[in-house]
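Subject: Structure handover

Hello,

Here is the structure for you to look through. My notes follow below it.

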Amino acid sequence: MKKTGIKIMAAALVAAALASCKAKPKDDAKDNAEVEALFAVNTYKTKAGNLDDYLEFGGDVSAVSSVAALPDMAGKISRVMVNVGQMVSKNQILAYVDASRPGMDYSASPVKAPIAGRVISFIPTIGTMVSQASVIAEIADTDELEIKVSVAERFISRISLGQTATVTFDAYPGVDFKAKIFEVSPVLDQASRTMSVKLRINPPDKRIKAGMYARVRLITESIKDAIVVPASAIVSREGAPYLFVISSQKNGNTPAKVKLCAVEQGILVDNKTEITKGLIAGDEIVVKGQNLLNDGASVNIVSVQE
C-alpha cells in the first residue's frame, strides 16, 4: 500500500511539473508577440518652407570690359612703364617701341592705354620684338566682374534673364556669394551645343578676382510655403507614394499609432521632396523604420526631428 501511494504521489508531481512547463512557453509567446507588435521609429514634424530647384555649372570670372593695347609700329620694346596689377588712366604710356634699324634712327613710339583700368596682363619684356598685331598689354575694369558659364542644350529652357544664383569659390570655402544673370546668348555654339550665359556678382565683392574658377548654383524654380519631407520617408504601395503619419500619440500604456496616407509629390531637390497633397504643416511623419509598418501599427517614437 505504501509503495502504491508513493508511486501515485510521484506521478502527480511529475504531471504538475509538466503542466507548469507547458504553460510557461504560452506566456512567453504572448509577451514576444506584444514586443514584436511595437515598432521603434524616428519621426519628423513637417512645416511650410521654401524649396529651390537649381542647376549647377562651373564658370570663369573675367572683367566685363577688357581691351588690348597694341603698338603703332613694329620694333623692339625699349622701355616698360607699368607693371601687372597697376591702375592706369586712359592714354597713359605703357611702354615704348623703338623701330630703329642699322642706318635708320627713329624716335621711340609710345604704346598707350586705350581705356582706364587695371593692367591684367603684360606680355613683352625689354628687347622683345613686336609688330602692330602684337598685344602689349591687356587693360580691364576689375571693379566690374562677370562669370561666364556654358549651359547644355537640354537645360536652356530653364534659363532666363534676372535669375539668381549662389556662387562659391575654392579660395573662400563655406562662403556663398550672390549673382544674377544679365546676359543670355541668343544662339548656341554649334560645336559644343551649349549656350553662353553671363552672371554678375551682386553686390560686388573685392575678394573676387578675375581668373578665379566659380561654382554656380543657378536657381531655376523657387516654391514658397512648400511642405518638404525627406525623400527616403516615402514608401511605395502598389506603385503609389505613401507616408506614415502619427495618428495618435502615446497615452499612458497605450502606444502611439500610425496611419498610412496617400500623398502627391512635387519637385525633388537634394533628397528632399515637395508634398503637394496629403499633408499639412505640423503633421508628424515617420522617417526611419517605416518600411516595416502597416496602417494602424503601434510605434515607439525614439526621436523627433525638427
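Is Arg 207 buried, partly exposed or exposed? Arg 207 is partly exposed, because its relative accessible area is 37%. The cut-offs are simple: buried means under 20% relative accessible area, exposed means over 50%, and partly exposed lies in between, with a 1.4 Å probe and protein chains only.

First, some ground rules. This is a predicted model, so local features need pLDDT of at least 70 and side-chain atom pairs count only at pLDDT 80 or more, while totals for chains, interfaces and linings use all residues. Residues are numbered from 1 along each chain as its sequence is written, and side-chain values use heavy atoms, with hydrogens and water left out.

The chain overall

The chain has 22 strands and one helix. Both are DSSP runs numbered from the N terminus: helices are H or I with at least four residues, strands are E with at least two. Of the 306 residues in the chain, 32% are buried. The accessible surface is about 18600 Å², and carbon and sulfur atoms account for 53% of it. Accessible areas come from the Shrake-Rupley method with a 1.4 Å probe, and for residues only the protein chains shown count as cover. Take the contacts (heavy atoms within 4.5 Å) between residues at least 6 apart in sequence: 69% of them join residues at least 24 apart.

Salt bridges

Side chains of opposite charge can pair when their charged atoms come close. A salt bridge here is a side-chain nitrogen of Lys or Arg within 4 Å of a carboxyl oxygen of Asp or Glu. That rule gives eight salt bridges.

Glu 144 and Arg 200 form one of them, at 3.5 Å from N to O. Glu 144 sits in the loop between β10 (137-140) and β11, and Arg 200 sits in strand β14 (residues 194-201), so this pair ties together parts 56 residues apart in sequence. Glu 144 is partly exposed at 33%. Arg 200 is partly exposed too, at 28%.

Arg 207 pairs with Asp 205 at 3.0 Å, N to O. Asp 205 is partly exposed, with 24% relative accessibility. Elsewhere, salt bridges with shared partners join Glu 146, Lys 148, Glu 183 and Lys 198 into one network.

Glu 146 is buried, because its relative accessible area is 3%. Lys 148 is partly exposed at 40%. Glu 146 lies in strand β11 (residues 145-152). Its contacts beyond four places in sequence include Asp 60, Phe 182 and Leu 199.

Cores and a patch

A nonpolar core is a set of buried Ala, Val, Leu, Ile, Met, Phe, Trp, Tyr and Cys residues joined through side-chain atoms within 4.5 Å. The largest one has 25 residues, and Ile 147, Val 167, Phe 169 and Leu 199 touch the most other members. Elements giving it two or more residues include β2 (48-63), β11 and β14. Another core of 15 residues lies apart from it, with Ala 69 and Val 88 among its members.

On the surface, Leu 70, Ile 123 and Val 135 form a nonpolar patch with about 260 Å² of accessible area together. Patch residues have over 30% relative accessible area and no salt bridge; like charges are joined within 9 Å, and nonpolar side chains (Val, Leu, Ile, Met, Phe, Trp, Tyr) within 5 Å. Leu 70 is in the loop between β3 (66-69) and β4 (75-80).

Best wishes
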